[in-house]
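This report walks through one structure, part by part, for a reader who is new to such descriptions. Please keep the sequence and the 3D view open while you read.

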Number of protein chains: 2
Amino acid sequence: MTALQQLHTHLAEISDLNRISSIIGWDQQTYMPPGGSAARAEQSATLQKISHEMFSADETGRWLDAAAKEINGHDPDSDEARLISITRRDYEKARKVPAALVAEIARVTGQAIGIWTEARAASDWKPFSPYLGRIVELERRWAEAVGYTDRVYDALLDKYEPEMKTAQVQAVFDAIKPGLIELVKAIAAKGQAVSDEVLHREYDEQKQWNFGLEVIKRYGFDFTRGRQDRSVHPFTTSFSINDVRITTRFDQNFLSPALFGTLHETGHALYEQGFSQTLERTPLADGASLGMHESQSRMWENLVGRSLPFWKFFFPALIQFFPEQLADQTAESFYRAANKVSPSFIRVEADEVTYGLHIMLRFEMENDLLEGRVKPDDVPEAWNAKMRDFLGITPPTIKDGALQDVHWASGLIGYFPTYQLGNLISLQLWDKLNSAIPDLASQIERGEFAALLDWLRLNVHQHGRKFTSNELLHRITGEGLNPAPYFKYLKAKYSGIYGL
Amino acid sequence: MTALQQLHTHLAEISDLNRISSIIGWDQQTYMPPGGSAARAEQSATLQKISHEMFSADETGRWLDAAAKEINGHDPDSDEARLISITRRDYEKARKVPAALVAEIARVTGQAIGIWTEARAASDWKPFSPYLGRIVELERRWAEAVGYTDRVYDALLDKYEPEMKTAQVQAVFDAIKPGLIELVKAIAAKGQAVSDEVLHREYDEQKQWNFGLEVIKRYGFDFTRGRQDRSVHPFTTSFSINDVRITTRFDQNFLSPALFGTLHETGHALYEQGFSQTLERTPLADGASLGMHESQSRMWENLVGRSLPFWKFFFPALIQFFPEQLADQTAESFYRAANKVSPSFIRVEADEVTYGLHIMLRFEMENDLLEGRVKPDDVPEAWNAKMRDFLGITPPTIKDGALQDVHWASGLIGYFPTYQLGNLISLQLWDKLNSAIPDLASQIERGEFAALLDWLRLNVHQHGRKFTSNELLHRITGEGLNPAPYFKYLKAKYSGIYGL
């Protein structure tokens, strides 16, 4: 066997273990009876420990070195060259972080999630504050261990958005913030121009399920290589390029969670089903970054699923499922309802326009915490001040403010910006798509998604993790992150809906 | 850490991996889309390879030695002492079999299952015959590697029924064969005294599902520590003592597969849910043997589920689900239908009386093959001759004869007898149970199963794999395997039904 073959075999086995982690995690969130949770936690920990030991072993490094020599002179963008360079980067990071620090983070966040759950229920910041302090400190140590050149946040962001720098994110966020705040104000001034009351009528769950399936089959979700199940928190996970699972949830009195949730997860799933088969059982069978991943989910949820052409095609199907509930509606009225904008406290319930401001708030807060400008005890007040600045509203309780998200308790600092990067990237791609497929809107209005999916497969999906999101953006658009298309889209769409 | 603690930690991680193998196998048979199969096979192989490497490692032996010294003087029946002695036995077997032989068996049986599937569809023995020859040869080499003192079959039987000897099985099978053949003939002479036509009416699947759940909740299946799903071939599997999964299947025009299948799997599941919690994450959290396991499934399926007291209680519930289909039935008539006896070709469809003869045929055939008295090419003819001797019928095709079971293609030689051992053991336990709980039949007639389950938990379930089936039988009944209660039961029950 060549060193490259040895490396491939080794990484394939590690990939198997990581995929298996996804399988047991999926079962945990879909079907596992409550009695299974203690054993499942042990099984998950054992699997991750073995996977980490295998990956960070000396032999991985030796095979990487030897394989790099073997393919010296190959195209640096070939699967092999990229496999080696990206695995080398992962390997060096894995070797830099002391096992004791990883264990300490797992231990503290394990406790912190329980504390956060209780603190949130009681809307009381005090018990959670010291845990946030410890987590910020541990994440800072993590950042010091792997290293960074400019901002401590760079090291954390890099976990989710490889090679993206804080300064780059800061620049694009700063560029859109004033305009977004202004847009929100302008829409608020139009008050009750749009009502979403129709979304809150009573909708049978099984019919919601069936309508969702009808849409995502048309989108191109391949049910011979995936399936949908129910879970409390919707998610997408993959056990292979050819076995991609999505989940959804239902609210009998609110159509959006299942409908737009299913479209969102399908966007993630189409990405995962679209990786080149040559990447199976390699570390490259993954998204370029969480931001790039989110660009796919947001595109199929919002740019497609909340568009007027989409509803011109699908509203007649939806009304067949719910003739009584929708008797007073048209495609246009339903489209407007699905796009109501209103400043609100909870990020996950936010509309397309205000959503970005929720993210920017968190991005600023995380940097303030890491760089010592805000102390953990002062977070709720700082949070509320930003909510007033950004959205003009003050959370009535801490539960509606700084305690709403589980991310920090889970140790996920540096993760939030990827949600908004996804929004920005989705519009950069959307601009290119509309140039490449000039009649895209008409195709959507006819329920045709094949050209759209083909373009994404060719330009984004097939590459998996071979390129970073910045590299992919440069290959596709000729430039890096650019917030202009996003802002232009929001302004045009919501000027239309609200008559600004 | 003491050596015993180190051993525990090591075995717990191996146990985690083996449980995880069960999880991914369960998903494969319940929810996996077809596209997932190639990756799943790799994942399964990787997991088994790592588990085997960890278990057969030198350090396992060292910790076993050191831990044995540490607990020197302890009660030899304590969890610790048994953990060490049973693990030592497994370890020595695992070390004796060359990895190359294991890989060769996996490779050949992997091919053989495909060949068998096609051969069975074509009812053509010829393509499968050479594969059976190779599998018999490989299993013989396996037996030579692990060693045996008397019969080559001892080594194979030991995989499924630890420490049970071929001679012991032979003796009990020989003891009942003539009587069973005679009983079948006597029943056949009564011809059409019993009809099972009622079982073949049309029964809605969801109602079958609901009735089955009602029964097994009463049996004591703990749904906070388990669940039921659908699969093509029903099975029971455990991811923890506190997460036991059963599956079932439905035939709209035949009530038995779902109903009695669910009761059968629940018997297995009650065993697995009943292991002492102290055995979690140890190799002792398993059945004593496949025979002991089958004794539990057969007991809840047949001794309970096909009894008149059972139907006196549950028929009124069943008729509520199916008032039209069962309008012409009583508990008694339904009981008779559920116990129709008739010689037939297919083992899995056989009734309580003829079933044992199907097993004895296979037991004799396996020994004839291993000891060279029958050549693979001659199996179909030898099979048919035995069918005539035992059941008085000749399979019209090889598909109805020697090609019906997948076991040999899968390398499972020595496995079949455990089905019949389960029947024998279930009746030995049942005799003891009826002495311990004199009004057991009345309890069943009132739908009460708690005393029955408690007795099984105390005497069988809690011990897991701490004792062999022979040891358990001695502890409970004061003797080893004894076919008398089984034969007495069949004779009494079917004399009643058929008026012999």
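## Two helices side by side in chain B

In chain B, helix 8 (residues 166–189) and helix 20 (residues 484–498) pack at an angle of about 5 degrees, and their axes are 11 Å apart. Here axes are lines fitted to C-alpha atoms, for helices over the stretch in contact, and angles run from 0 to 180 degrees between N-to-C directions. Helix 8 of chain B and helix 20 of chain B are therefore roughly parallel to each other, given that angles under 35 degrees count as roughly parallel, over 145 as roughly antiparallel, 65 to 115 as roughly perpendicular and the rest as oblique. Helices (H or I, at least four residues) and strands (E, at least two) are DSSP runs, numbered from the N terminus.

On the side of helix 8 of chain B, the contact is made by Ile176(B), Gly179(B), Leu183(B) and Ile187(B), while helix 20 of chain B brings Tyr486(B), Phe487(B), Leu490(B), Lys491(B), Tyr494(B) and Tyr498(B). Two residues are in contact if their C-beta atoms, placed from the backbone, lie within 7 Å. By class, the residues of this contact between helix 8 and helix 20 of chain B are eight nonpolar, one polar and one charged; Ala, Val, Leu, Ile, Met, Phe, Trp, Tyr, Cys and Pro count as nonpolar, Asp, Glu, Lys and Arg as charged, and the others, Gly among them, as polar.

## How to read the model

This is a predicted model, in which local features need pLDDT of at least 70 and side-chain atom pairs count only at pLDDT 80 or more, whereas totals for chains, interfaces and linings use all residues. Residues are numbered from 1 along each chain as its sequence is written, and chains are lettered from A and ligands numbered from 1 in the order in which they are written.

## Where the two chains meet

Between the chains, 31 residues of chain B are in contact with 31 residues of chain A. On the side of chain B that touches chain A, the elements giving two or more residues are helix 1, helix 2 (37–55), strand 1 (226–230) and strand 2 (236–240) of chain B, and helix 1 of chain B gives the most, with eight residues. That side of chain B has 13 nonpolar, eight polar and 10 charged residues.

Helix 2 (residues 37–55) of chain A packs with helix 1 (residues 3–30) of chain B at an angle of about 105 degrees, with axes 9 Å apart, and that makes helix 2 of chain A roughly perpendicular to helix 1 of chain B. Ala39(A), Glu42(A), Gln43(A), Thr46(A) and Leu47(A) of helix 2 of chain A make this contact with Glu13(B), Asp16(B), Leu17(B), Arg19(B) and Ile20(B) of helix 1 of chain B. These residues divide into four nonpolar, two polar and four charged.

## The build of chain A

Chain A has 20 helices and three strands. Its radius of gyration is 23 Å, close to the 23 Å that the globule rule gives for 500 residues, so chain A is as compact as a globular protein of that length; the radius is taken over C-alpha atoms, and the rule is 2.2 Å times the number of residues to the power 0.38. Buried residues make up 42% of the 500 residues in chain A, where a residue is buried if 20 or more other C-beta atoms, placed from the backbone, lie within 10 Å of its own, exposed if 12 or fewer, and partly exposed in between.

Chain A is divided into domain 1 (3–151) and domain 2 (152–500), with bounds that come from an automatic or database domain assignment. The C-alpha centres of domain 1 and domain 2 of chain A lie 25 Å apart, and 41 residues of domain 1 are in contact with 41 residues of domain 2. The largest share of the side of domain 1 of chain A that touches domain 2, 11 residues, comes from helix 1 of chain A.

## Two serines of chain A

Ser15(A) lies in helix 1 of chain A and counts as buried, with 26 C-beta neighbours inside 10 Å. Not counting residues up to four places away in sequence, Ser15(A) touches Arg281(A), Thr282(A) and Pro283(A).

Ser123(A) lies in the loop between helix 5 and helix 6 of chain A and is partly exposed, with 15 other C-beta atoms within 10 Å. The phi of Ser123(A) is near 50 degrees, a positive value in a residue other than glycine.
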